[in-house]
Amino acid sequence: MTTDPTSGGSRSMNDAHRVLVLNSGSSSVKYQLLDMRDRSRLATGLVERIGESSSRLVHTPMKGGETRERTGRISGHDEALKAAADELAADGLGLDSPELAAIGHRVVHGGLKFSEPTVITDEVLKEIERLVPVAPLHNPANITGIRTARALRPDLPQVAVFDTAFHTTIPEHAARYAIDVETADAHRIRRYGFHGTSHAYVSRRTAELLGRPVADVNVIVLHLGNGASASAVAGGRCVETSMGLTPLEGLVMGTRSGDIDPAVTFHLKRVAGMSADEIDVLLNKKSGLVGLCGDNDMREIRRRVDEGDERAALAFDIYIHRLKKYIGAYSAVLGRVDAVVFTAGVGENSAPVREAALAGLEGFGLAVDAGRNAARSGEPRLVSPDGARVAVAVVPTDEELEIAGQTFGLVHN
């Protein structure tokens, strides 16, 4: 039994069926409140431009009521989370509700220590802090969100769900870089992978779509958003993924270069006189599609391609070429592929990307049916022809639901 802080009485954990999911970025907080009895959303919201005079909070109750928006300076994450709590309370969904079972936090980097969702203790928080050097852009913001939420509800279980956790099953020969072992170990240099909650959710949903047990299905997952990553999943276990020590490696992304000769960085330092910080900004924020053609929105790039824009066409071709390389490589890693699945903003919505990525791969058993591929839907679906040797699927990702599910499962076990 646990105490109901609003009534002074006691209640069974069975009465607590809601999970608040928090995704704290460097200048934003995204949140969703879910009812785990039917896995439905009760409210969603975003606080952005934290610390600026133009801060904005957008809150949407999902079961009646209209979207509300507030503007004006929100000085920090503690104020942002309190403002979100006020909006939830206005809908009768306050953080003091006895129906709230836990708060689930997205944490980008969990290293090798955290392979499962974990109840946050002081020691767990210290370990997340120790990982800041390998995730300097993400973990500090995640830590701030955790501390703020713990201060608001110190009595409530707080759970960390790690982006890297799903990828901890990658075998050592795939996770290791071919550099000096002592140096690598001293500085935690290895492949960690990211977008793990998405890859976990989508690979499992793909098996359900095929009507087969997860353990019997080999899947290549292509998470294509502004950030993009690929994974090879064998029987529900990740065996390879495209992102590495950081989210920079792998596919061409909206503003990130993806794979690049490491010596390019030395060349830029020696020849262009660029500092390490300048090169970091170049590769993470000024490269990828935006570096190639000035746009990182695939819809705009496709519009430009259709109008004959050569820079946009080259950017699109480079993006697709990299995708094909990974599909081919992961087909070899898996040995047998049952499905290639597209997810996230571009993967779910861009029929031209799906068609181009698989064009010419008929020898791998891969093809799309033009009509199915062009049809729009928010539901998981097959876009391959009837009788295809390898299924091609579009499965909308739901990272918040995955985090909520893992959080609820942990605190109710």
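Contact, as the word is used in these legends, means that heavy atoms lie within 4.5 Å. The structure is a predicted model, in which local features need pLDDT of at least 70 and side-chain atom pairs count only at pLDDT 80 or more, while totals for chains, interfaces and linings use all residues. Residues are numbered from 1 along each chain as its sequence is written, and side-chain values use heavy atoms, with hydrogens and water left out.

Figure 1. The secondary structure comes to 15 helices and 16 strands, where helices (H or I, at least four residues) and strands (E, at least two) are DSSP runs numbered from the N terminus. Along its principal axes the C-alpha trace spans about 65 × 55 × 45 Å. Of the 413 residues, 50% count as buried; buried means under 20% relative accessible area, exposed means over 50%, and partly exposed lies in between, with a 1.4 Å probe and protein chains only. Among contacts with a separation of 6 or more, 62% are accounted for by residues 24 or more positions apart.

**Figure 2. Helix H10 and the elements around its buried side.** Helix H10 covers residues 298-306, and its buried residues are Met298, Ile301, Arg302, Arg304 and Val305. Seen down the axis of H10, these buried residues fall within an arc of 160°, so they line one face of the helix; the arc is that of the directions from the helix axis to the C-beta atoms. An α-helix has 3.6 residues a turn, so residues three or four places apart point the same way. The buried residues of H10 pack against H9, helix H11 (310-334), helix H12 (344-349) and helix H13 (351-358), whereas the face turned away from the buried side carries the exposed residues Arg299 and Asp306.

**Figure 3. Helix H8 and its two faces.** In helix H8, residues 276-285, the buried residues are Ile279, Leu283 and Asn284. They cover an arc of only 115° around the axis, which puts them on the same side of H8. What covers these buried residues includes helix H7 (263-271), while the exposed residues Asp277 and Lys285 are carried by the face of H8 turned away from its buried side.

**Figure 4. Val290 in helix H9.** Val290 has its place in helix H9, residues 288-293, and it counts as partly exposed because its relative accessibility is 25%. Leaving aside neighbours within four places in sequence, Val290 is in contact with Gly254, Thr255, Lys285, Asp295 and Asn296.

**Figure 5. Lys30 in strand S4.** Lys30 is placed in strand S4, residues 29-35, and at 45% relative accessibility it counts as partly exposed. Although Lys30 and Leu46 are 16 residues apart along the chain, their C-alpha atoms are separated by 4.5 Å. Not counting residues up to four places away in sequence, Lys30 touches Val21, Leu22, Asn23, Gly45 and Leu46.

Figure 6. Arg39 lies in the loop between S4 and strand S5 (40-48), and although Arg39 is not a glycine, it has a positive phi of about 60°. With 43% relative accessibility, Arg39 counts as partly exposed. Arg188 is found in the loop between helix H5 (181-186) and helix H6 (196-210), and its phi is near 55°, a positive value in a residue other than glycine. Arg188 is partly exposed, with a relative accessible area of 34%.
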